Amino acid sequence: MDTALWTVDPTSPDPGAIARAAVWIRAGRLVAFPTETVYGLGANALDPAAIRGVFRAKGRPASNPLIVHVPDPALVVNVAAEWPTTAGRLAKRFWPGPLTIVVPKASGVPDEVTAGGPTVAVRCPAHPVAQALLEAAGVPVAAPSANRSTGLSPTRAEHVLKSLGGRIDLVLDGGPCTGGIESTVVDVTGGVVRLLRPGLVTVPMLEEVVGTVEIGAKANGPARSPGQMEKHYSPRTRLRLVDGNDLVDDFLEAQSAGLRAGVMSLYGPGALPNEPAAYATELYHRLHELDAQGLDLILVELPPDTPDWAAVRDRLTRAAAHGA
Ligand code: TXA
Ligand code: MG
């Protein structure tokens, strides 16, 4: 199929373009759009055939459920069977924004969306293009990151086209995403708040609102978030995490072994910003660029083991987990 590319203003997108894209969503077609985290691949969450199309386009295992997006917190009633107090508090503080909340699903949400499970992940994104599209669509929109399964997430329209061009109907190009990594995912169904995926809403930020947050899925429960499969968010090029002190030595060693190595460091010329939010904004773009260079190896300086770097470290660790 041909993939259309429409450029829209990121802060005030043309209502005509948004209305046409919304018609496509309602008609069961696949529309990639920018959010404040990464680009999403949107489809009508109430249309099982469209949802199957999302899994096909991404090559995603049917066992990995999708996040459902709504333009307004009040609309969760259409997809959630229950809205626990903690969910309400979190939504009030962080929505619209980069937080996804797992709650019991309403019966109208197709099994395809939730991978047959009893819960649904819901997010209300802040990006003006996402907001406008969701409002115009008038249906909840399921949207995983707009990339082939296990690959690098897209933070620009060109990343989406590289990965899914010819496999989806439309990309709305609203420029680079500012957040840069996927939303924080929390599960509030068990009477406690569980962090399933770290993100830009950090654990200290969550704990300010809801008290103690448990880290990771319940060891013996079914609620393990499949997006936390070890290998994920990966470039094709082999990626190795290294301590800052070893970076130069490891680079020289790779060179003398005849390997072409690229480097992502926190200091020196060409370094990424040494600040978690600014680093996250650039992370996937830099990895896409390095991945396109046909290198043998990407050496990444591991950022500090502190709570503010947790989400970035999580993505880097998964990007390094080759063959898992
Ligand atoms: O920032 C984001 O969240 C982006 C934008 C487009 O909104 N979306 C995104 O979707 O990252 P995706 O499909 O790439 O990641 C969704 C994550 C996966 O780890 C999935 O396993 C988890 O959310 N998830 C979805 N539904 C779930 C559920 N009912 N229970 C537990 N985890 C769930
Ligand atoms: Mg993804």
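## Two domains

Let's start with the layout: the protein splits into domain 1 (4–215) and domain 2 (239–319), with bounds that come from an automatic or database domain assignment. This is a predicted model, where local features need pLDDT of at least 70, side-chain atom pairs count only at pLDDT 80 or more, and totals for chains, interfaces and linings use all residues. Residues are numbered from 1 along each chain as its sequence is written, chains are lettered from A and ligands numbered from 1 in the order in which they are written, and side-chain values use heavy atoms, with hydrogens and water left out.

## Where the domains meet

The size of an interface is often given as the accessible area lost when the parts come together. Here about 1400 Å² is buried between domain 1 and domain 2, and carbon and sulfur atoms give 62% of that. (Buried area is the accessible area, taken with a 1.4 Å probe, that two parts lose on being put together, summed over both.) On the domain 1 side, Leu152, Ile181 and Pro198 lose the most area to domain 2, together 39% of what that side buries.

There is also one salt bridge between the domains, a salt bridge being a side-chain nitrogen of Lys or Arg within 4 Å of a carboxyl oxygen of Asp or Glu. Arg315 and Glu182 form a salt bridge, with their closest N and O atoms 2.7 Å apart. Nine residue pairs, both at pLDDT 80 or more, are in polar contact between domain 1 and domain 2.

Now for the strands: 11 of them form an open sheet with mixed pairing, in the order 1-8-2-3-7-4-6-5-9-10-11. Two strands pair if DSSP finds at least two bridges between them. Helices (H or I, at least four residues) and strands (E, at least two) are DSSP runs, numbered from the N terminus. At the edges sit strand 1 (4–7) and strand 11 (213–215), each pairing on one side only.

Strand 4 (residues 67–69) and strand 6 (residues 119–123) run parallel and are joined by three bridges. Val68 stands opposite Val122 of strand 6.

## Other details to spot

The structure holds nine salt bridges. Arg240 and Asp250 make a salt bridge through their side chains (3.5 Å, N to O). Arg240 is in strand 12 (residues 239–242) and Asp250 in helix 8 (residues 247–256), so this pair ties together parts 10 residues apart in sequence.

Two loops are worth a look too. The peptide bond from Trp95 to Pro96 is cis, with omega near -10 degrees, and Pro96 is in the loop between helix 3 (85–94) and strand 5 (99–104). Ala115, in the loop between helix 4 (111–114) and strand 6, has a positive phi near 55 degrees in a residue other than glycine.

Key. A polar contact is a pair of N or O atoms within 3.5 Å; within protein, one must be able to donate a hydrogen and the other to accept it, and residues adjacent in sequence count only if both atoms are side-chain atoms.
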